Amino acid sequence: LDFAGRWALASELYTAVLSFVDPTIDSDLAIGAQFRLAYCQRVLGRLDEAERAYAAAGHLSRAARDEIGALRSEVGIGKVAMARGNVPAAERAFDSVIERATASLATREDRAMREFRATVLHDRTSVSV
């Protein structure tokens, strides 16, 4: 639904999924649904709800020890700041995530983290424009 541009309906669906999923048992599903909900809310312009959903995704990611998910939630919060026109907050969010992803790569080689960092660097350029 969200990929077809039916954001409001997709948002309702993800909310329903999250109400039935136990995040301690099915953390991948809960984290994924929380991120998709956040994205749908952001596209709909429901920025407060999007920010809360990204924060919740970060909380779930940290509980599941998902480092990339936790960083990804901060990127989402940065995108919400950008949507609000708060460029300095968006820059700080992206820069912080890039710095921590770079530090993580300095201690170990991780293909997923390297790809994530590249995506965040690309996202960061949209704030600089």
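Mentor: The account below begins with the model itself, turns to the salt bridges, and ends with the loops and the surface.

The model is a predicted one, in which local features need a pLDDT of at least 70, side-chain atom pairs count only at pLDDT 80 or more, and totals for chains, interfaces and linings use all residues. Residues are numbered from 1 along each chain as its sequence is written, and side-chain values use heavy atoms, with hydrogens and water left out. The term pLDDT denotes the predictor's confidence in each residue, on a scale from 0 to 100. Its average over the chain is 94, and 98% of the residues score at least 70. Helices (H or I, at least four residues) are DSSP runs numbered from the N terminus.

A salt bridge is counted when a side-chain nitrogen of Lys or Arg lies within 4 Å of a carboxyl oxygen of Asp or Glu. This rule gives nine salt bridges. Three of them may be examined in turn, together with the accessibility of their partners: buried means under 20% relative accessible area, exposed over 50%, and partly exposed in between (1.4 Å probe, protein chains only).

One of these pairs is arginine 84 with glutamate 51, at 2.9 Å from N to O. Glutamate 51 belongs to helix H3 and arginine 84 to the loop between H4 and helix H5 (87–107), so the bridge ties together parts that are 33 residues apart in sequence. Arginine 84 is partly exposed at 39% relative accessibility, and glutamate 51 is partly exposed at 30%.

Glutamate 67 forms a salt bridge with arginine 108, with the closest N and O atoms 2.7 Å apart. Because glutamate 67 lies in helix H4 and arginine 108 in the loop between H5 and H6, this pair ties together parts that are 41 residues apart in sequence. Both partners are partly exposed: glutamate 67 has 34% relative accessibility, and arginine 108 has 36%.

Arginine 100 and glutamate 74 meet in a salt bridge of 2.2 Å, N to O. This pair links distant parts of the chain, since arginine 100 is in helix H5 and glutamate 74 in helix H4, 26 residues apart. Arginine 100 is partly exposed at 35%, and glutamate 74 is partly exposed at 24%. Salt bridges that share partners also join Asp48, Glu51 and Arg84 into one network.

The loops come next. In the loop between H3 and helix H4 (67–83) lies arginine 65, which is exposed at 76% relative accessible area. Arginine 65 has a positive phi of about 60° although it is not a glycine. Most residues other than glycine have a negative phi. Valine 127, in helix H6, is by contrast buried at 7%. The C-alpha atoms of valine 127 and arginine 65 are 29 Å apart in space, and the two residues are 62 apart in sequence.

Arginine 46 lies in the loop between H2 and H3 and is partly exposed at 35%. Its C-alpha atom is 9.5 Å from that of valine 80, 34 residues away along the chain. Proline 23, in the loop between H1 and H2, is partly exposed at 33%. The C-alpha atoms of proline 23 and leucine 60 are separated by 7.3 Å, although these residues are 37 apart along the chain.

Lastly, the surface carries patches, made of residues with over 30% relative accessible area and no salt bridge: like charges are joined within 9 Å, and nonpolar side chains (Val, Leu, Ile, Met, Phe, Trp, Tyr) within 5 Å. Asp22, Asp26, Asp28 and Asp66 form a negative patch. Aspartate 26 sits in the loop between helix H1 (7–20) and helix H2 (27–43) and is partly exposed at 36%. Leu1, Leu9 and Leu13 make a nonpolar patch of about 240 Å². Of these, leucine 13 is in helix H1 and is partly exposed at 43%.

Methods. Accessible areas come from the Shrake-Rupley method with a 1.4 Å probe; for residues, only the protein chains shown count as cover. Lys and Arg count as positive and Asp and Glu as negative; His and the chain ends are not counted. The place of a charge is taken as NZ of Lys, CZ of Arg, CG of Asp or CD of Glu. Helices (H or I, at least four residues) and strands (E, at least two) are DSSP runs, numbered from the N terminus.
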